[in-house]
Amino acid sequence: MWIYRLKGTAWELDPILPELFDRGARGLEEREGEVLAYFPAPLDLPYGGVWEEVPDEDWLSAWRRDLKPALAPPFVVLAPWHLWEGPEIPLVIEPGMAFGTGHHETTRLALMALARHLRPGEKVLDLGTGSGILAIAAAKLGGEALGVDIDPSVLPQAEANARQNGVAVRFLEGSLTDALPYGPFDLVVANLFAELHQAFAPRYREALAPGGRLLATGILQEKAPMVREALWGAGFTPLEEAGEGEWVLLAYRR
Ligand code: SAM
C-alpha cells in the first residue's frame, strides 16, 4: 500500500479530495497539518504530494482502530463498524468518502445547533451537504430535510448514508438557487465558508420563511465580522453564536 502525503488540512484540500478518490484512493486520513491518501500503487499526480510505501496489512485496520466515535450532543457520529450503547442519537456515516464525518469542529457545531434550533416537522435545507450528515441529523430530529451540494460526486454517498440511518432525505445537485423552488424553509444550515455566506446573505432571506432560522458555519473567527455585517445588512436578527477552536457558528432569525 502507498501513502500520498499532502501538506494542508482536509478543509484546505477539500476541492481535490474527490479527485483523489476518482484516481483510485482507498481512504484518507488527516494528521497534524497533513492529509494522507492511501493508494494501492503510486501514480503521477499533480498536487505536489510525496509518496511513501507502507506495509500492506496494517493501514486499513490501524485507520479503523484509530477512528473514534465523535460526540456532538445529542448526537454521536459513528463509522459503520463502531458499537455504541450510550443515550446519544447515532449518526452512522461511512468515513473518508465526503466531508462530514463529525471529526471537524464546524460539523459538530452545526449538529449541536440543529438540536437547539430545529423543531419536529420543520422544513430544513442543508446547503453544502457533503456526506449528508446535517440533513440526516435534521431528519432524525423530525425535520423534513433537503441536502444540496454543488459537487455531484458526494451525492451517492450522502444517499447511502441516509439509507444506512433509516431516514428519508432528498438530495439534489446544485446550490442555493436550485433549492429555492423547494422552499420556503424553516431552517437553513450551511457549513461553507465566510465569503460564500457573505455572498449568499440576501438569498438566504429568500430561502427562509418569516421567522426561519439560519445556522451558518465554516467561518474562521477572524472572518466572522464580515458575515455578521452581511447578515445584518440583509435584515437578519442575531440569535446566538457558538465556537470551537478557531471556528464559529452564527445563528440568525429572518
Ligand atoms: N455539511 C457537511 C458538514 O457539515 O460536515 C459538509 C460540509 S463541507 C465543509 C462543504 C460542502 O459544500 C462540500 O461538500 C462542497 O462540495 C459544498 N459546496 C461548496 N460550495 C458550494 C456551493 N456554492 N453550493 C453548494 N454546495 C457547495
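1. Ala, Val, Leu, Ile, Met, Phe, Trp, Tyr, Cys and Pro are here counted as nonpolar, Asp, Glu, Lys and Arg as charged, and the others, Gly among them, as polar. By these classes, the lining of the largest cavity has 6 nonpolar, 3 polar and 1 charged residues.

2. The structure is a predicted model, in which local features need pLDDT of at least 70, side-chain atom pairs count only at pLDDT 80 or more, and totals for chains, interfaces and linings use all residues. Residues are numbered from 1 along each chain as its sequence is written, and side-chain values use heavy atoms, with hydrogens and water left out.

3. Grid points are joined across faces, edges and corners, and a volume is the space filled by probe spheres set on the points.

4. Over the whole structure, the search finds 1 cavity of 30 Å³ or more. The largest cavity holds about 50 Å³ of space. Its lining consists of Leu-67, Lys-68, Val-77, Leu-78, Ala-79, His-82, Ile-93, Pro-95, Thr-101 and His-103.

5. The largest pocket contains about 1,300 Å³ of space. Its lining has 47 residues, and Asp-14, Leu-17, Ala-98, Phe-99 and Gly-100 lie nearest its centre. By class, 24 of the lining residues are nonpolar, 14 polar and 9 charged. Because domain 1 (2-56) and domain 2 (67-253) both give residues to the lining, the largest pocket lies between them; the domain bounds come from an automatic or database domain assignment.

6. Helices (H or I, at least four residues) and strands (E, at least two) are DSSP runs, numbered from the N terminus. Elements that each supply at least two residues of the lining of the largest pocket include α1 (10-13), β2 (27-31), α5 (133-140) and α8 (194-207). The most is given by α2, with 4 residues.

7. The second largest pocket has a volume of about 210 Å³. Among its lining residues are Trp-11, Glu-12, Glu-30, His-104, Arg-108 and Trp-247. The lining divides into 3 nonpolar, 3 polar and 5 charged residues.

8. The ligand is surrounded by 20 residues, the closest being Thr-107, Gly-128, Asp-149, Ser-175 and Asn-191; a residue is near a molecule if one of its heavy atoms lies within 4 Å of it. A side-chain N or O atom of Thr-107 is 2.6 Å from an oxygen atom of the ligand. A polar backbone atom of Thr-129 is 3.4 Å from a ligand nitrogen atom, and a backbone N or O atom of Ile-150 lies 3.3 Å from a nitrogen atom of the ligand. Taken alone the ligand exposes 600 Å², of which the protein buries 90%; accessible areas come from the Shrake-Rupley method with a 1.4 Å probe.

9. The peptide bond from Pro-73 to Pro-74 is cis, with omega near 10°. Pro-74 is found in the loop between β5 (70-72) and β6 (75-78). Gly-183 and Pro-184 are also joined by a cis peptide bond, with omega about 0°. Pro-184 is placed in the loop between α7 (176-179) and β11 (185-191).

Definitions and conventions. On a 1 Å grid over the protein atoms alone, a cavity is a set of points where a 1.4 Å probe fits but cannot get out, and a pocket is an open set with protein on both sides within 12 Å along at least five of seven lines; lining residues have an atom within 4 Å of a point. A polar contact is a pair of N or O atoms within 3.5 Å; within protein, one must be able to donate a hydrogen and the other to accept it, and residues adjacent in sequence count only if both atoms are side-chain atoms.
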